[in-house]
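Please open the structure in the viewer and keep the selection panel at hand.

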Amino acid sequence: MSRPFLIRTLAGLALSALIVFVAAPPARAVTGSYHPDPIHTYVGLAVFYDQDGEFSHRCSGSLLSPRIFLTAGHCTDDELELSYARIYFHQFAGTHFDPVTQHDPVTGYPDECIAGDPLCVTGHELHDFGFDNFAGFPNIRDAGIIVLDEAITFATSFASLAEPGSLDVLATRRGVQDATFTISGYGVSDNWP
């Protein structure tokens, strides 16, 4: 490879990197925006509480039926000694969070369900299906279920699981995978509780 060609190539790469860096929006512009999702109304934000009723953590999940909410096993882990979860199906849960009162007056997040609000439910029956802090990789049993205290009353569809064995081909293929899926859930950040 000739020296002028190498210099032109490196200069081109540096210019490309600069263009990408300057043209790329800051992460906050991507993660800080909210877009209503009228399709995935079965996705909820589960807020977990310990035996003393103190906040523990949050996780996303999906309704599989009017009383069954699927989440991760590390969220419902028996070792955490959880008492219950409150699940918000508001897509904007916590966006009106007031740092002074530590409360969202629109949704009740994270302390309560506003009286008569069908988009806020509780579940006191939590299952982790043998999750053991990621032991046994790759089969880590990271599936959790929250059985709702009462069936949901708002209109929604339900999430569907892949048929048994239908994803096995993806586990053995290398390179580009021809799989389509949608990610819908709640992230965690210091700025948007």
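Of the 193 residues of the protein chain, 28% count as buried, meaning under 20% relative accessible area with a 1.4 Å probe and protein chains only. The model is predicted: local features need pLDDT of at least 70, side-chain atom pairs count only at pLDDT 80 or more, and totals for chains, interfaces and linings use all residues. Residues are numbered from 1 along each chain as its sequence is written, and side-chain values use heavy atoms, without hydrogens and water.

Colour by secondary structure next. The protein chain has 3 helices and 7 strands, defined as DSSP runs (helices H or I, at least four residues; strands E, at least two) numbered from the N terminus. Their order along the sequence is α-α-β-β-β-β-β-β-β-α.

Now select Asp128, in the loop between β6 (125–127) and β7 (144–147). Asp128 is buried yet lacks a salt bridge (a side-chain nitrogen of Lys or Arg within 4 Å of a carboxyl oxygen of Asp or Glu). The nearest side chain of opposite charge, Arg141, is 8.9 Å away; Lys and Arg count as positive, Asp and Glu as negative, and His and the chain ends are not counted. A polar atom of the Asp128 side chain lies 2.9 Å from the backbone nitrogen of Asp78.

Display the surroundings of Asp128. Beyond its neighbours within four places in sequence, Asp128 is in contact (heavy atoms within 4.5 Å) with residues including Gly73, Thr76, Asp77 and Ala143.

Finally, select Asp77, in the loop between β3 (68–71) and β4 (82–88). Asp77 is also buried without a salt bridge, with Arg141 as the nearest side chain of opposite charge, 12 Å away. Leaving aside neighbours within four places in sequence, Asp77 is in contact with Asp128 and Phe131.

Terms used: Buried < 20%, exposed > 50% of the residue type's maximum accessible area, 1.4 Å probe, protein only. Polar contact = N/O pair within 3.5 Å; in protein donor to acceptor, adjacent residues only side chain to side chain.
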